[in-house]
Amino acid sequence: MEKYAEQIHRCFRCGWCKFTSDYSDLNCPPYRRFRFETYSTAGRLWLVRAWLNGEIGWSERLGEILYTCTACRNCVEQCPMGFASDIVDWIVGARSDMVEKGRIPPRVARFFEAVYGYGNPLKLLRSDRAAWADGTKMYAPGDEYLLYVGCLGSYDENAQKMAKSLVDVFNAAGVSFGILGNDEECCGNEVYMLGEMGLFQTLVEKNNQKFKELGVKKIVTVCPHGYNVMKNRYPALGGSFEVYHYTQLLNDLIKKNKVKPSRNKAKVTYQDPCFLGRYNKIYDEPRQILRSIPGVELVEMEKNRADAFCCGGGSGNFVMDLLAGGEESPARIRVREAYETGVSILAVACPSCLTMFTDAVKTEDLDGKLAVKDISQIVKESLPAKKR
Amino acid sequence: MPELKFDKTKCASCKAVSCLVKCQYMNLDRNEAKKEWQKLINGEDSFVLETCTTCYACEEYCPFGNHPFYLIVERQEEKNKLAAPRALIRQWVNMCEPVGKFMVGQVKEQALSFCLIPRLQFLATGKLFEDVAASWIIGAEFFCNAVYLHFSRMSVIKDRLPKVVENISRQGIKELICLHDECYATYNSLAPAYGIEVPFKATHYFEYLYNKLKEFKSDIRPLNIKAAYQRNCSTRLIPDIDHFVDDIFKLIGVTRLEREYDKKNALCCGAIILSLKGYDIGTDVQKRNLDDMVKCGAEYCVFNCPACWDPLAANVAKRGIKPIHMIDLCRLAIGEKPVLEV
Amino acid sequence: MGEVYETLVQIVGKNYVSNHQEERYFYARDPGLMAPHEPDYVVMPKTTEEVQKIIRLANDTKTPVVPKGAGLALTGLVIPLKGGIVVDMKRMDRIVEVNEGARYVIVEGGVTHGVLKAYLQKHYPHLRHSVPESPPISTVVGNVVIHGQGRLTQQYGFHSDMVSGLEVVLPTGEICKIGSCSVSPYWFSKGPPMPDLSGLFLGWLGTTGIITKMSLKLYPQKKLKDVEVFVTDREDLVPDIVFKITHTEMIEDMGIWSQPRPRMFADNYHLNIFFTGDTEEELEFRRKMVWHALQEYIDSKDGGFMQLPPEMKPTFLDNPQKSMSAFADLRKGGGFEYSGPIIPMELYPSFARKAQELGNKYRVVQNASGRVIQQGHCMMFSFAFTFNRANSEEMERCRKALHEAAEFGLEKGAVLWKPTLYEQKMMLRRMDQNTINLMKKIKQLLDPNGIMNPGNWEVE
């Protein structure tokens, strides 16, 4: 990432990054939203280079262009060049440069301040972090899993339902787990993606220390963002544990008959979250869970798996919402696409998707026509009454 | 520079001239054959040089092991009567040029050779290769170079092969398991024919598989299938390993169907013949071979060589026969899934 | 200035106009070697009426207008030489109509090749259009306007030959229908049997108006496709090889290429021969005819068909070829540009040799390739050079190589495709004076204020 400045000239602005694999549709969220070439990956990279070279000065618009990238990785997936896997790293690198120089949009600054001061980007009290938990067991040494709830799961109204459902499902399956409660702190994924490396390092070191002290060997996360950063970044900073996203564990539990969903007739489509799908290649487990529920008919959206269209919540935008406003905001586009499949439920596996789509459904006037539910909620609803 | 160990006195006393009389592509009687062969011995021009399809069969037909095919290749180059189009010769010479890039695994005394064929890395997986899978070599630095027999470039073999042998030895390899039939042929036929010393043991993967299958005998579930065996060009250089096909088949319950184009009358895959001679001759070879497989009632066609797979496997499948590589066949017999599919 | 901006906001809405430094910077440039020239505004209209209003505004205020598709010609054709308004056509992205029986599709000015290809594959799987090798974000109209070529060019000509109707906004603001659609509801012809006015707009690089709709001919999409690669070490044989193959009338497309790396391709000349069929039998018959046509070359050892490893075949059959864009990063520098003279086949050998010579002389990585046009009446020969965008000295060497390539080409009798500014001037210096006068008359008639992509096709 440090070397991004030496590499960033390599973008040919050929535009392959804008599309899905079969070029049937544009798949870059800010490019869909704003349409100017400057909001595409090439625009971003060429402008950062111009800024580094002193050809243009920093401006609010430049900041907006840089921070409206949700880091969904569609460009990484589609770029034909040898450096494709580095693209998002370059953007993060540029962001970290801007952070160091204090040149960031106000919303981004507020995001960092909130995480720093409150341990979450929503600027809600630490003492309220476990308010949703309603007697959920705290992690104690000897528990098999630490259930890492995350900021959205803890504080966001929609995502709290997700966390509760998951806890209920795990309890019904007899999983040995506990949460950190108010001691839980932001995982740092978005802080990293937004370029505040100092804060990121502090968070990770703090979390790693906490896990070590508690003797945590296995972590299961509610949120794919948390899964991603703990799997891919925490080890380099001293983390030593196995980490799973809850869909991996839940799929396993279903296969071993520890969770036995009963009939739940529903036509469902599934949104591949970026941090499970393109980032970590987890495409099958969530689908297997849904298919294991008798009565559920899984219908794919046209753009699925590696071609899934990002909800627009990445890079902190589930709080900052820089891509909001208008019919072409990504979450609204995606719920329209979900609705077009004829399903009644849009299933998600990420609290960011959950909250972005829940809002979008309202804006699109699809309330009552399309429900947005997390997989854990669907599974919980499918459990026999006494098990829930 | 290595020299061919060719003994013209053996040819002088040869009555049958099987090398040319038995050729599947030249229709010569014994007298014509004797005349043309003498020209080649003398270093004169003969139509044999340009008519040769490079199927390698005459190496097997010669009862004296006097390397008639290698002599043909030498003469083709000397007289500039090339077997193949010049551009294709150039392409192959360039393609396999060593570049100083040594691609190796955790090499031990026993190692797998993937030659220059990446897909062999995927074939050599599973239980049968567990012990040795991490120890491998691949790439131009370790390439057997036998392919230049098709391109009238014995000079390239003579230049590159000694260095390849040295490269392999320097890895500390004492036994090289050749997953490509041609590599085994290089170290056991071509190298000795040129007095090139090979300080390591080259084991044919058939032999390796046979021994491994005996080790895992209790895992074998007999396949009970009838198979046509696709005998490729380089087996002509090493006919002594052919019995392993029968040995393996017996162990795993496969019947090697008797057919017209097997054993000494085998037809090669035709891919090189297509490139060298054109559409009609090449497709005719392939058609006769496939018709023969269908006629004998084959359920499977077992391939020895990945290079035969490319031109033939899809066509085999279209004729209702399942193509399978020998390694995959053995894998199937112990309950594993084939890796190579059309 | 303020007036122009405010009017543009009124026309398209605030979200679709910009005079910010960021858009001015980015739209001042393209991926090629041309020096930047900033626009004053970038605007993204949605409808023909919005385009009309923009052009009227430009006329009233004498502001230059540069229509832009994806900007992938690489020769600076959408760089606003004299500032003004860049009209980014991307929001005009409707596929208006497909007439299956007559095999044509009407698209708006911003429809991309990728979307059209995917749309036809999904809704009309037995129809296809000619897809160029440029990235799929390139626009159908933009590519036609520069006389692009693609997969069906060997059979049916330049993409401009495949047009069957236009809707154009003239530089003076009138919306004009060109072709059968000016009389009939059907868009099956761009001119015949009437005076063919389409020639006023095709190849003029946006200097005679903005095409807001285009009808493009569609062709049969067969179920199967395959490719053979014929290789020779003698470039002087290539024209005859092409002649023999095209005589069979059996093939879909033919590309000719040579490149020094990877090593397996060095010092040879390759012909990719594409063919399609609805059945295995048809495919095999076509293959046989092509092989037979070249048997004499196989017999004389002057050429042969290479065995294509199965893992390589999908790359060759890919259309557009993603790997072609990757040429840009060969120098780890994200850039390439090519000069594409259109030549009769007989000139290929000297051009192939020249490409190698230029690569050596200017120490640049070259790729010489070409596409046969309409059964070998001519071909597009591409002198492509890749450069490291962070190395201005290397970029300058590439410019020189391209310049010399263009001069050489013209000297030999080529006509330069999608010419850069200096290539246009080179051609105009050679052009018949009466032809130049005619072009000038047409431009003055259509664009009296000289607002349309000024600088291009301009005679001093």
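Where chain B and chain C meet, the contact draws on 25 residues from chain B and 29 residues from chain C. The model shown above is a predicted one, and every value in what follows was computed from it. Putting chain B and chain C together buries about 2,200 Å², and carbon and sulfur atoms account for 49% of that area. On the chain B side, the residues that lose the most area to chain C are B:Arg86, B:Gln91 and B:Tyr279, which together make up 30% of what that side buries.

The distance qualifies because the rule asks for a side-chain nitrogen of Lys or Arg within 4 Å of a carboxyl oxygen of Asp or Glu. Between chain B and chain C there are also 15 residue pairs in polar contact, counted where both residues have a pLDDT of 80 or more.

Which helices of chain B each supply at least two residues of the side that touches chain C? They are α7 (86-95), α13 (271-277), α14 (279-295) and α15 (306-318) of chain B. The helix that gives the most to this side is α7(B), with 7 residues.

Of the 2 pairs of chains in contact, it is chains A and C that share the most contacts. Chain A and chain B, by contrast, are joined by no contact, and their closest C-alpha atoms lie 20 Å apart.

Chain C can also be looked at from within, where the domain assignment gives domain 1 (2-88), domain 2 (95-220), domain 3 (224-319) and domain 4 (323-419). Between domain 1 and domain 4 of chain C, the centres, taken over C-alpha atoms, are separated by 29 Å, and 10 residues of domain 1 of chain C are in contact with 11 residues of domain 4 of chain C. The area buried between these two domains of chain C is about 840 Å², of which 57% comes from carbon and sulfur atoms. In domain 1 of chain C, the residues C:Leu33, C:Leu74 and C:Thr75 lose the most area to domain 4 of chain C, and together they contribute 67% of what that side buries.

How many salt bridges are there between domain 1 of chain C and domain 4 of chain C? The count is 0, although 5 residue pairs are in polar contact across this interface, with both residues at pLDDT 80 or more. The residues of domain 1 of chain C that touch domain 4 of chain C divide into 7 nonpolar, 2 polar and 1 charged.

Another cis peptide bond, with omega about 5°, joins C:Asn319 and C:Pro320, and C:Pro320 is placed in the loop between α10 (313-317) and α11 (322-326) of chain C.

Is A:Asp365 buried or exposed? With a relative accessible area of 60%, A:Asp365 is exposed, because the cut-off for exposed is over 50%. In chain C, C:Gln375 has a positive phi near 55°; this residue lies in the loop between β17 (365-373) and β18 (378-388) of chain C and is partly exposed, with a relative accessible area of 34%.

A last stop is A:Ser315, found in the loop between β6 (296-298) and α15 (317-320) of chain A. A:Ser315 counts as buried because its relative accessibility is 1%, and buried means under 20%. The side chain of A:Ser315 makes a polar contact of 2.9 Å with the side chain of A:Arg95. Leaving aside residues up to four places away in sequence, A:Ser315 touches several others, among them A:Cys69, A:Thr70, A:Glu190 and A:Met193.

Definitions and conventions: Residues are numbered from 1 along each chain as its sequence is written. Chains are lettered from A and ligands numbered from 1 in the order in which they are written. This is a predicted model: local features need pLDDT of at least 70, side-chain atom pairs count only at pLDDT 80 or more; totals for chains, interfaces and linings use all residues. Side-chain values use heavy atoms; hydrogens and water are left out. Contact means heavy atoms within 4.5 Å. Buried area is the accessible area (1.4 Å probe) that two parts lose on being put together, summed over both. A polar contact is a pair of N or O atoms within 3.5 Å; within protein, one must be able to donate a hydrogen and the other to accept it, and residues adjacent in sequence count only if both atoms are side-chain atoms. Helices (H or I, at least four residues) and strands (E, at least two) are DSSP runs, numbered from the N terminus. Buried means under 20% relative accessible area, exposed over 50%, partly exposed in between (1.4 Å probe, protein chains only). Domain bounds come from an automatic or database domain assignment. Ala, Val, Leu, Ile, Met, Phe, Trp, Tyr, Cys and Pro count as nonpolar, Asp, Glu, Lys and Arg as charged, and the others, Gly among them, as polar.
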